[in-house]
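Work through the exercises below with the coordinates open. Try each task before reading its solution.

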Amino acid sequence: MRCHDLEPLIEAIADGSHEPSAEDRAHVASCPICSARFEQARRIEQWLSAREVAQPPVTFTAAVMARIGQDQWQAERAIDIGFNLAIGAGVLVILMGAAGLAWSLGFFTITIDVGALVNAAFSRVEGRVMSEAQTVLISAVLLTMALVFWWWAEAAAD
Amino acid sequence: MKATPEHLLVERCRQGDDAAFRELVDQYKGLVFALIARSIPNRGRAEEVAQDVFLKVHRGLPYFRGESKLSTWIYRIVINAISQERPELATTSLDDDVNEDRPRVQPGADDRAFGDLVLKDRLQKAIERLPVQYQVLINGHYLKGMRYEELAEALDLPMGTVKTHLHRAKRKLRLLLETEYR
């Protein structure tokens, strides 16, 4: 019974954080099982205290700073790409607006009868809305093509 | 050269001072690398993980409010990094894994005859089987510079609990040696 009671305290006794009673001390000294456990715990304590401390390589700090530089560059690049895309989108919206105005004024016509397609799906949509939908749809298609072309140009530049 | 006070160092790092962050890395790289190397035996991988820790420190510094010591905050990042590297040990309990019903070999003359080299190898394998929190606790406690108070703060545990956990972790090491690594 005493061995079972003492077993959870062996590590604390071995590292000196628990002072056993005289009776417990006598038992550990005389009991082969507790004595062996104490000896094992003591060896573990000694080994843990004396373990070699791994040192980082001399180039460690330089390697960390290089990774941070790369991390910052990637973050700035993402911002640049986003900014460029926003500028591009803005320019295209302006161009599409100009194209839509030119179309409205009859400087050129669009032969794709988008209105018929929209009318088939939405039978109650009025003519005014259909013509606006035509402009928006064409603008969206051209804007998407421009964004894809811009992305390809950025990737090619890299 | 005298070390910059912690709060000044953090402030300079936040302002983008590379020299300040280099000083921070130099100050903590020993502790961080030593802790990680004791849980990740592959040295190359340990270096990468240690670099990742400082990358996270750099990214997180703008959000570090100084409610804990910088070393405590870095210590928590180390624990998370090791947990990500050893996910199978991140959530295991100290009571898992060891079958205390297995016959236990009491250390005797033969073990002492094998000497410290064999014990060292067995102990290292046993430590690598501990849950991450206990690995870092044991590894941190026996490294210079990690006191009970810092460990308690990093693990968000009362100091008494830290001591109890340390004893339980060492007991598990002893049980592993007695039942598994004979």
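Predicted model: local features only at pLDDT ≥ 70, side-chain atom pairs only at ≥ 80, totals over all residues.

Residues are numbered from 1 along each chain as its sequence is written, chains are lettered from A and ligands numbered from 1 in the order in which they are written, and side-chain values use heavy atoms, with hydrogens and water left out.

**Exercise 1. Describe the interface of chain A and chain B.**

Step 1: extent. Contact (heavy atoms within 4.5 Å) involves 35 residues of chain A and 45 residues of chain B. The two chains bury about 3700 Å², 59% of it on carbon and sulfur atoms. Buried area is the accessible area (1.4 Å probe) lost by two parts on being put together, summed over both.

Step 2: charge pairs. The interface has seven salt bridges (a side-chain nitrogen of Lys or Arg within 4 Å of a carboxyl oxygen of Asp or Glu). One of them joins Asp71(A) to Arg59(B), at 2.7 Å from N to O.

Step 3: elements. On chain A, helix H2 (10-14), helix H4 (32-50) and helix H5 (60-104) each supply at least two residues of the side that touches chain B. H4(A) gives the largest share, twelve residues. Helices are DSSP runs (H or I, at least four residues), numbered from the N terminus.

**Exercise 2. Find what lines the largest pocket.**

Step 1: residues. The lining has 15 residues; nearest the centre lie Arg51(A), Glu52(A), Arg38(B), Lys120(B) and Gln124(B). A pocket is an open set of points on a 1 Å grid over the protein atoms alone, where a 1.4 Å probe fits, with protein on both sides within 12 Å along at least five of seven lines; lining residues have an atom within 4 Å of a point.

Step 2: elements. H4 of chain A, with helix H2 (18-39) and helix H7 (116-127) of chain B, each give two or more lining residues. H2(B) supplies the largest share, three residues.
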